[in-house]
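Let's take a walk through this structure together. Keep the sequence and the 3D view open as you read.

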Amino acid sequence: MIIAKNLVKWYGPTLAVDDLSFEIPKGEIVGFLGPNGAGKSTTLRILTGYLPPTAGSASIADYDILKQPLEARTQIGYLPEGTPLYGEARVTEYLHYRGSLLGMTRKDRNQRIEEVCDRCGLSHLKRRVISRLSKGNRQRVGLAQALLSKPPILILDEPTAALDPNQISEVRKLIKELRGEHTILLSTHILPEVEKTADRVMIIAGGRLLADGKPSELRQQIAQDAAIILEAKTSATQLTSMLKPLTDITSFETLTDSDYSRLSITPTSHSNNTQLLTAIGNKLLKEQIAVRELHTEQASLETFFVKITDRLATQQSSESA
Ligand SMILES: Nc1ncnc2c1ncn2[C@@H]1O[C@H](COP(=O)(O)OP(=O)(O)OP(=O)(O)O)[C@@H](O)[C@H]1O
């Protein structure tokens with residue numbers, strides 16, 4: 001449904017999107033995750049036809065975004081970052097305006113505005129002036145305009161940015177309800193956003209795609225990267241020197257140092273945590289040291305995100321050296 005091939009975008013000397021390729025099949029909800037400045041909005045603006053790429057190509061429902069821009073655009077409902085709305089207009093006035101830009105007849109607009117307002121929980125707010133609505137409700141108006149023409153594809157740029165926790169969960173619920181009816185690409189820099197709503201997560205930093213998979217697959221990768229926690233009855237110094245010969249360990253962090261010592265052990269990215277846990281357990285058993293705790297730290301996408309971003313920075317600095 002959405003195909004991006006080797007997209008590149010330079011803003012003057014700034015490389016915002018760096019050879020980005022991906023495919024999103026029909027019906028999938030994909031989270032586009034990355035830190036500020038990763039290139040998410042730029043990619044979404046290219047896909048929605050608001051910005052030409054410097055190189056590369058993309059198609060939306062088989063329409064080439066450069067060769068058939070109008071056809072491609074009609075396939076998309078777009079919620080841009082910051083949801084620019086006409087603040088002085090009432091909700092229905094604004095939706096009528098957007099609908100007329102899309103070439104919808106008044107009859108179609110009347111019917112569709114009823115439907116999208118109902119869908120987005122705006123039925124009781126239709127006569128309200130947009131600038132006087134809460135941020136969460138304004139976001140609902142943004143979503144309502146994106147849904148107006150029943151587009152097969154929704155592209156949502158930071159749909160929950162600047163919302164409070166209640167509003168966030170309401171918007172998430174709404175996005176989940178749209179599952180099955182639309183192919184959805186949503187950008188965010190908040191991890192729970194994609195964990196809760198997406199079938200698939202693409203992580204982008206420095207304009208490059210760094211990871212692509214189901215949230216559960218990414219979690220597995222993260223588990224491989226997670227630190228090992230060890231609490232044993234000996235000094236941290238002794239534990240450290242005993243375990244250092246295990247080649248897969250890159251760093252130790254002493255968390256407490258009393259009768260029992262507690263260490264956080266960071267394995268190398270390619271190590272197998274299960275084997276490492278067994279090796280550590282065997283070593284301590286052999287030395288007859290009492291162990292109170294030995295396990296892999298709870299995996300979090302957050303940690304993974306920070307690690308792969310760090311890896312990219314290291315990679316880039318070694319490339320430029
Ligand atoms: N109009 C512009 N002119 C010059 N540089 C730009 C422009 N828009 C974005 N950039 C730069 O391009 C890079 C990618 O920005 P982009 O807004 O696409 O990232 P993002 O992942 O959407 O970040 P955020 O979450 O902060 O919106 C950044 O370095 C940004 O400063």
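Is helix H1 largely enclosed by the rest of the structure or largely open? In this predicted model, 8 of the 8 residues of H1 are buried, so the helix is largely enclosed by the rest of the structure. Here a residue is buried if 20 or more other C-beta atoms lie within 10 Å of its own, exposed if 12 or fewer, and partly exposed in between, with C-beta atoms placed from the backbone. Helices (H or I, at least four residues) and strands (E, at least two) are DSSP runs, numbered from the N terminus.

A word on the ground rules. Residues are numbered from 1 along each chain as its sequence is written. Because the model is predicted, local features need pLDDT of at least 70 and side-chain atom pairs count only at pLDDT 80 or more, while totals for chains, interfaces and linings use all residues.

Back to H1. Its buried residues include Lys40, Arg45 and Leu47. Just after H1 comes Gly49, which takes a positive phi of about 85°.

Now zoom out. The chain has 11 helices and 14 strands, and of its 321 residues 36% count as buried. It's divided into domain 1 (2-75 + 151-221), domain 2 (85-145) and domain 3 (227-297), with bounds that come from an automatic or database domain assignment. The centres of domain 1 and domain 2, taken over C-alpha atoms, are 24 Å apart. Their contact takes 7 residues from domain 1 and 5 residues from domain 2, where two residues are in contact if their C-beta atoms, placed from the backbone, lie within 7 Å.

What about the inside? The largest nonpolar core has 58 residues, and among those with the most contacts inside it are Val30, Leu47, Ile155 and Leu185. Such a core is a set of buried Ala, Val, Leu, Ile, Met, Phe, Trp, Tyr and Cys residues joined through C-beta atoms within 7 Å. This core draws at least three residues from each of domain 1 and domain 2. Leaving aside its neighbours within four places in sequence, Leu185 is in contact with Ile2, Ile24, Val30, Phe32 and Ile155. There's also a second, separate core of 11 residues, which includes Leu230, Ala232, Leu239 and Leu284.

Leu239 leads us to helix H9 (residues 236-243), whose buried residues are Ala236, Leu239 and Leu243. Seen down the axis of H9, these fall within an arc of 65°, so they line one face of the helix; the arc is that of the directions from the helix axis to the C-beta atoms. The face turned away from this buried side of H9 carries the exposed residues Thr237 and Ser241.
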